[in-house]
Structure formats: structure tokens, C-alpha cells
Amino acid sequence: MPESLVHFKGKIVSAKDANVNIMTHALHYGTAVFEGIRGNWNDDEQKMFVFRMHEHYVRLLQGAKMLMMDIPYSADDLCDITINLIQKSQYKQDLYIRPLVYKSEELVANLKLQELGSDFALMMVPFGAYLESDGALRCCTSSWRRVDDTIIPPRVKISGHYVNSILAKTEATLAGFDEAIMLTQDGYVSEGSGENLFLINQNTLVTPPVSDNNLTGITRDSAIKIAKEELGLQILERRIRRSELYFADEVFLTGTAAHIQSVGQLDNRDIGDGLPGKISTQINEVYQSAIRGNNSKYRNWCTEIEV
Ligand code: PMP
């Protein structure tokens with residue numbers, strides 16, 4: 001197992017030496033933004049394929065702007081830092097890559113973003129499946145409503161905002177479900193606790209607009225492109241009512257960690273026949289080949305790294 005290395009305060013150090021002080025602002029208030037990026041190991045080519053890395057860093061920098069965090073790196077610089085850390089770490093397996101920009105000031109009683117300095121850190125860990133399920137997921141509608149853009153903007157990955165996802169995920173899993181589906185304040189379908197949501201009816205793929213308080217998902221965008229270009233489906237971005245989900249032909253979730261996963265049951269009711277949906281499975285097959293560099297058409301979504 002290679003030593004776990006991180007990029008911390010401008011240097012590559014061992015993870016055990018990358019520590020912050022207990023007074024650190026982000027620890028108290030969730031004043032940080034992060035990303036989850038996958039590095040997919042291709043054994044035949046002996047290379048790491050990092051999926052849509054630049055887009056992840058553009059979203060990270062949008063979150064940083066929201067929280068008035070200045071870091072001295074562009075999206076391209078952050079890609080270079082990531083490539084370097086992957087090469088130094090020498091993992092030859094699938095990775096979860098976690099960049100974090102956080103208010104690093106050791107100053108707890110201050111709520112003025114403009115007065116608080118920031119830092120960047122990057123870590124990576126070996127990673128397999130996120131949602132453990134051989135078949136289709138069993139989901140429930142969460143009793144927790146999705147945080148609204150008027151409260152904390154949910155279109156970027158602000159750390160403090162994840163308490164909302166964590167409450168929903170905890171409630172769902174303690175009740176024996178795999179995942180929670182969250183609704184907006186006014187009762188429209190928003191997304192899973194860590195995934196965007198789609199339904200399929202005949203040849204149409206429907207997904208809620210980002211204005212219904214979901215993350216601007218990169219897997220969401222990939223699934224839309226694959227559905228349009230490979231399967232010729234019609235794509236509709238529109239508000240979705242909870243009850244539509246029970247009667248859809250298929251429902252599926254998308255996310256960097258979760259990949260593309262069919263939902264087989266919602267609130268103990270089967271969706272379709274309760275098995276993984278045919279079309280969602282087809283979208284996932286193309287996606288799985290794309291993320292590992294095995295699909296020439298989508299190879300430009302990946303950054304290839306010799307380890
Ligand atoms: N929604 C939420 C709340 C998430 O945390 C994630 C995971 N990043 C997603 C959706 C999916 O986004 P992406 O496809 O960019 O990973």
C-alpha cells in the first residue's frame with residue numbers, strides 16, 4: 001500500500017502530518033467547499049483516468065467565490081497539482097480524490113467572510129462502490145427538505161450545507177433504505193442526499209432543474225449527453241412531483257461516488273417491476289466505459305495519467 005500523501009499548505013506531505021488547529025474556522029462553521037472526483041484505474045493500459053477533472057475544479061472555484069475564499073490557483077493549476085499528487089502517490093486502483101478549500105483562520109468568533117483567510121488541501125483515498133447494492137436501490141422520501149438557494153446555495157459543494165444531506169442519509173439508512181430522495185420546501189423533487197435524480201417515461205428523460213436546489217452535477221451532465229447521443233432520448237428539465245416517481249418507467253440517481261444507479265423502490269412501492277431499469281442500465285454501461293477511458297468518443301472527458 002503506498003504511503004497516503006496529501007497536498008497541504010503548498011507542499012506534499014504525509015497525511016499524518018497534515019493537521020489543522022482546533023480553532024480553525026471551517027471546523028466550527030462548515031466554511032469550506034470541496035469536490036469529489038474519481039480516478040479510475042485502467043489495468044490494461046496501466047494508467048489512471050481522472051473523470052472530468054477540469055469541470056470539478058471550475059465548480060470548486062465557484063464555491064470558493066461564494067464563500068469569498070481566495071486561493072492562488074486556477075482550475076488548470078489545480079489539475080496539475082492533482083496529476084502530480086497521483087503520480088507521487090502511485091496508487092494503482094480506483095481513487096476518490098478530495099480537494100478542499102477551507103477558511104483556515106484560527107479565529108472562532110468572527111462571522112465575516114471578508115476577514116478570514118483560506119487554504120487549499122488535496123487528499124485521495126482508494127475507493128470502490130459507494131452505494132452497496134447488486135440490484136436496484138431502495139429509497140425513501142426524506143422527512144428533511146432540501147436546503148434552499150435562499151439559505152445556502154446548494155448548486156456548489158459547501159461543506160456546512162452537507163449537514164442537510166447527512167441528516168437525510170442517516171434517517172434513510174437507519175430505517176433500512178439505501179438512499180434518501182429529498183424534496184424542495186414546496187414539495188418538488190430535488191435530488192438524493194449525494195446524487196442527482198432522473199426519471200424515464202417511454203423515450204423521455206426528465207430531471208429537475210438546478211433551480212430546484214440540486215447540485216450542478218457532472219455525472220448528471222454526462223448522463224444527459226449519453227442519453228441524447230447514444231440512445232436518442234428526449235431530455236426534459238422540468239419540475240417533478242413526488243407522485244410521478246412512483247409511476248415512472250424508471251428512476252435513477254447519478255453521482256461521482258454513486259455512478260448511475262437504478263432506483264427499484266420508493267417508499268416501499270416498486271418502480272416499474274422493481275428491477276434495474278433497462279434504459280438506465282444502458283446509460284450506465286456507456287458511462288462505465290467512458291470513466292475508465294474505454295470509450296474513444298468520450299476519452300476527452302478523462303485526464304490520462306501514467307503512474
Ligand atoms: N448532489 C449532491 C448533493 C452531491 O453531493 C453530489 C455528489 N457530488 C451530486 C449531486 C452528484 O454530483 P456529481 O455528479 O458532480 O458528483
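Reply: One definition comes first: helices (H or I, at least four residues) and strands (E, at least two) are DSSP runs, numbered from the N terminus. With that convention, helix 4 supplies four residues to the lining of the largest pocket, the largest share. This is a predicted model, in which local features need pLDDT of at least 70, side-chain atom pairs count only at pLDDT 80 or more, and totals for chains, interfaces and linings use all residues. Residues are numbered from 1 along each chain as its sequence is written, and side-chain values use heavy atoms, with hydrogens and water left out.

Me: What makes a space a pocket or a cavity?
Reply: On a 1 Å grid over the protein atoms alone, a cavity is a set of points where a 1.4 Å probe fits but cannot get out, whereas a pocket is an open set with protein on both sides within 12 Å along at least five of seven lines; lining residues have an atom within 4 Å of a point. Grid points are joined across faces, edges and corners, and a volume is the space filled by probe spheres set on the points.

Me: Which elements each supply at least two residues of the lining of the largest pocket?
Reply: They are helix 2 (53–66), strand 6 (95–103), helix 4 (162–174), strand 10 (189–192), helix 5 (218–229) and strand 14 (250–255). Domain 1 (5–126) and domain 2 (137–291) each give at least three residues to this lining; the domain bounds come from an automatic or database domain assignment.

Me: How are the residues of that lining divided into nonpolar, polar and charged?
Reply: Ala, Val, Leu, Ile, Met, Phe, Trp, Tyr, Cys and Pro count as nonpolar, Asp, Glu, Lys and Arg as charged, and the others, Gly among them, as polar. The lining of the largest pocket therefore divides into nine nonpolar, 12 polar and eight charged residues.

Me: What is the volume of the second largest pocket, and what lines it?
Reply: The second largest pocket has about 290 Å³. Val20, Ala26, Leu100, Tyr102 and Met123 lie nearest its centre, among 18 lining residues. Two or more lining residues come from each of strand 1 (5–8), helix 1 (25–29), strand 6 and strand 7 (118–126). By class, the lining of the second largest pocket has 13 nonpolar residues, five polar and no charged.

Me: How many cavities of 30 Å³ or more are there?
Reply: The count is one, and the largest cavity has about 30 Å³. Its lining consists of Asp249, Glu250, Val251, Ser262, Val263, Ile271, Leu275, Pro276, Gly277 and Ser280. Strand 14 and strand 15 give two or more residues each. Five of the residues lining the largest cavity are nonpolar, three polar and two charged.

Me: Why are the buried residues of helix 3 said to line one face?
Reply: The arc is that of the directions from the helix axis to the C-beta atoms. The buried residues of helix 3 are Ala75, Leu78, Cys79, Ile81, Thr82, Leu85, Ile86 and Ser89. Their arc is within 160 degrees, so they line one face of the helix.

Me: What is noted about the phi of methionine 68?
Reply: Methionine 68 has a positive phi of about 50 degrees although it is not a glycine. Methionine 68 is in the loop between helix 2 and helix 3 (75–89).

How values were computed: Buried < 20%, exposed > 50% of the residue type's maximum accessible area, 1.4 Å probe, protein only.
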